[in-house]
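Subject: Handover of a structure

Dear colleague,

Please find the structure below, together with its sequence. My notes on what was found in it follow.

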Amino acid sequence: MDFRGLVKFTLVDYPGKIGCIVFSGGCNLRCPFCHNPCLVLDPTSQPRVTEQEFFHFLERRKGLLEGVVFSGGEPLLQPDAPEIVGRVRAMGYCAKIDTNGTLPERVEALLASAGADAFGIDCKAPKERYRQLTGSRDPEVAAKVYRSIALALASGAELDIRTTVHKALLDEAALGVMYEELKAAGVKQWTLQQYHPVEVIDDELSSKETFSDAELVHIARRFGPDVRVRGLTGRIIDAA
């Protein structure tokens with residue numbers, strides 16, 4: 001895999017596990033709120049972590065770390081992702097895949113070979129606005145994301161369906177549409193993620209008004225107990 005970053009310790013990116021995160025370069029979407037624009041637009045600008053370095057790190061952390069998060073970019077663009085995930089799980093680590101869900105055939109191949117212990121799938125927008133808000137040219141992009149969600153649900157892996165929220169892109173009405181679509185797909189829990197005002201693909205977003213954490217919590221409470229909020233720290237700030 002084309003590894004372009006390694007966070008050696010995290011308590012928030014793999015809930016319930018002491019973990020690390022490895023980032024791969026490249027993505028097939030151009031979401032304006034993406035906070036890893038270098039990995040998306042110019043992955044070669046980031047220092048490469050070799051597979052040898054990565055697995056040497058995991059060998060030395062046995063007994064200290066429990067899980068590995070594969071993130072990006074879009075990690076499932078890497079053709080050898082199933083092989084790498086399989087090696088990680090064979091070492092005794094749990095593997096969580098953070099994916100945009102647009103590659104259901106890769107999700108299916110991963111589950112059929114290496115398997116996965118958890119998925120974090122980013123659901124970006126209401127189905128009818130998916131192409132608009134992600135920069136995708138694929139007319140089937142929303143259907144593919146929901147196919148990936150269905151595969152993850154059927155696998156029995158832990159599943160975190162999350163949506164990054166900025167008021168300029170997703171108002172409460174749009175979130176209501178998404179809630180109904182996700183509920184119809186069988187999703188039991190949905191996470192609203194606070195927009196992170198760092199370097200993003202669309203620099204103008206950070207100058208526009210968005211929801212506060214308290215406002216997102218209020219919206220989540222209106223939807224019900226199956227919607228929660230992840231604040232700027234990466235931690236769940238309300239589960240009501």
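In helix α3, the buried residues are A81, I84, V85 and V88. Viewed down the axis of α3, these residues fall within an arc of 95 degrees, so they line one face of the helix. E83 and A90, on the other side of α3, are exposed. Please note that this is a predicted model.

The buried residues of α3 pack against β1 (3-10), α2, β3 (67-71), β4 and α4. After α3 comes G92, which has a positive phi, near 100 degrees.

One of the partners of α3 is helix α4, which spans residues 104-112. Its buried residues are P104, V107 and L110. They lie on the same side of α4, because the arc they cover around the axis is only 120 degrees. Among the elements that cover the buried residues of α4 are α3 (81-90), β4 (94-99), β5 (118-122) and α6 (141-155).

Two single residues deserve a description of their own.

Leaving aside residues up to four places away in sequence, F54 touches F3, L6, V22, V49, V68, F70, I84 and V88. F54 and V22 are 32 residues apart along the chain, and their C-alpha atoms are separated by 8.4 Å.

The other is T191, which belongs to strand β7 (residues 190-194). T191 is likewise buried, its relative accessible area being 0%. The side chain of T191 makes a polar contact of 3.0 Å with that of D160. When residues up to four places away in sequence are not counted, T191 touches D160, I161, R162, T163, R228, R230 and I236.

I turn now to the pockets and the cavity.

The largest pocket has a volume of about 920 Å³. Its lining comprises 37 residues, and H35, N36, D122, R162 and Q193 lie nearest its centre. At least two residues of this lining are supplied by each of β2 (19-24), β4, β6 (158-165) and β7. The most comes from β6, which gives four residues to the lining of the largest pocket. By class, the lining of the largest pocket divides into 13 nonpolar, 15 polar and nine charged residues.

For the second largest pocket, the volume is about 220 Å³. It is lined by 14 residues, and those closest to its centre are F119, E158, L159, D160 and R228. Two or more residues of this lining come from each of β5 and β6, and β6 gives the most, with four residues. The lining of the second largest pocket consists of eight nonpolar, one polar and five charged residues.

A search of the whole structure for cavities of 30 Å³ or more finds one. About 50 Å³ of space lies in the largest cavity. Its lining is formed by Y179, L182, K183, V187, K188, Q189, W190, D226 and V227. Helix α7 (residues 172-184) contributes the largest share of that lining, three residues. The lining of the largest cavity divides into five nonpolar residues, one polar residue and three charged residues.

With kind regards

Key: Residues numbered from 1 in each chain as written. Predicted model: local features only at pLDDT ≥ 70, side-chain atom pairs only at ≥ 80, totals over all residues. Heavy atoms only, no water. Contact = heavy atoms within 4.5 Å. Buried < 20%, exposed > 50% of the residue type's maximum accessible area, 1.4 Å probe, protein only. Arc of directions from axis to C-beta. Polar contact = N/O pair within 3.5 Å; in protein donor to acceptor, adjacent residues only side chain to side chain. 1 Å grid on protein atoms, 1.4 Å probe; cavity = no way out; pocket = protein on both sides within 12 Å on 5 of 7 lines; lining within 4 Å. Points joined across faces, edges and corners; volume = space filled by probe spheres on them. Nonpolar A, V, L, I, M, F, W, Y, C, P; charged D, E, K, R; others polar.
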